[in-house]
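Work through the exercises below with the sequence and the model open. Each task is followed by a solution in steps.

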Amino acid sequence: MIIKSANLETVCGITSKLPDNEFPEVAFAGKSNVGKSSLINALMNRKSYARVSAQPGKTQTINYYNINEELYYVDLPGYGYAKVTESVKEQWGAMIERYLHTSKQLKLVFLLIDIRHKPSKNDVMMYDWIVHNGYHPVIIATKSDKLKRSQLPKHVKEIRQELRLNKETPVFPFSSLSKQGRDEIWDFIEQVLLPEQEHHVSDE
């Protein structure tokens, strides 16, 4: 995918009305420190468009990034951050649930899992919750550069087992440093969302 333009178009807080977008949406969910902002920046070919914070739990809004006037990347609030109060966690959960229930353009949900560790209870709950809301999340296994290449299949298998994934569900190992997996994720998004618009991308 050739990124011609990418900009943060809409930021929605707890009480904000969600936008009625005309383009399809790709949502990204995951724990607060799993590397969502780094992934989104890599997919946009930007170094610091989505704010990367040393403090997990900073993303407290739903952020919509307009990509090529063709689709949106939607960054959902992180979950599972221990230092956030229960009431704030509940508000973030309500925001995500409202988005999953009400977005008319949501076509694809990516769930990010840290490949180094077995999926946590929160990861499993989020996966099951997304499925319960009618979507089949695709898994992005982040921080793959922290493992040897020979270790990746074992850790991917562990993620599959813990989340009880079916064989058809893709798992993309990804590294924000080496950009491993970025092109595969781009290609997958194009296949799912932009079949009728591929000529726009291939014109160049």
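**Exercise 1. Which residues line the largest cavity, and how do they divide by class?**

Step 1. The largest cavity is lined by Lys-31, Ile-113, Asp-114, His-117, Lys-118, Ser-120 and Asp-123. On a 1 Å grid over the protein atoms alone, a cavity is a set of points where a 1.4 Å probe fits but cannot get out, a pocket is an open set with protein on both sides within 12 Å along at least five of seven lines, and lining residues have an atom within 4 Å of a point.

Step 2. This is a predicted model, in which local features need pLDDT of at least 70 and side-chain atom pairs count only at pLDDT 80 or more, while totals for chains, interfaces and linings use all residues. Residues are numbered from 1 along each chain as its sequence is written, and side-chain values use heavy atoms, with hydrogens and water left out.

Step 3. The lining of the largest cavity has four charged, two polar and one nonpolar residue. Here Ala, Val, Leu, Ile, Met, Phe, Trp, Tyr, Cys and Pro count as nonpolar, Asp, Glu, Lys and Arg as charged, and the others, Gly among them, as polar.

Step 4. The space in the largest cavity is about 30 Å³, where a volume is the space filled by probe spheres set on the points, and grid points are joined across faces, edges and corners. The count of cavities of 30 Å³ or more comes to one.

**Exercise 2. Describe the second largest pocket.**

Step 1. The second largest pocket holds about 250 Å³ of space. Its lining has 11 residues, and those closest to the centre are Tyr-79, Asn-122, Met-125, Met-126 and Trp-129.

Step 2. α2 (86-102) and α3 (121-132) are the elements that give two or more residues to this lining. Helices (H or I, at least four residues) and strands (E, at least two) are DSSP runs, numbered from the N terminus.

Step 3. By class, the lining of the second largest pocket has six nonpolar, four polar and one charged residue.

**Exercise 3. How many helices and strands does the protein have, and in what order do the elements run?**

Step 1. There are six helices and seven strands.

Step 2. From the N terminus on, the order is β-β-α-β-β-α-β-α-β-α-β-α-α.

**Exercise 4. Which residues touch the most other members of the largest nonpolar core?**

Step 1. A nonpolar core is a set of buried Ala, Val, Leu, Ile, Met, Phe, Trp, Tyr and Cys residues joined through side-chain atoms within 4.5 Å. Of the 35 residues in the largest one, Ile-62, Tyr-99 and Ile-139 touch the most other members.

Step 2. α2 gives the most to this core, with five residues. A second, separate core has 28 residues, including Val-34, Ile-40, Leu-112 and Trp-186.

Step 3. Apart from neighbours within four places in sequence, the contacts of Ile-62 (heavy atoms within 4.5 Å) include Val-11, Val-74, Met-95 and Tyr-99.

**Exercise 5. Why is β6 (138-142) described as largely enclosed?**

Step 1. Five of the five residues of β6 are buried, so the rest of the structure largely encloses this strand.

Step 2. β5 and β6 run parallel and are joined by five bridges. Val-138 in β6 is the bridge partner of Phe-110.

**Exercise 6. Is Arg-164, with its positive phi, buried or exposed?**

Step 1. Arg-164 is not a glycine, yet its phi is positive at about 55°. The residue is found in the loop between α4 and β7.

Step 2. Arg-164 counts as exposed because its relative accessibility is 55%.

Notes. Buried < 20%, exposed > 50% of the residue type's maximum accessible area, 1.4 Å probe, protein only. Pairing = 2+ DSSP bridges.
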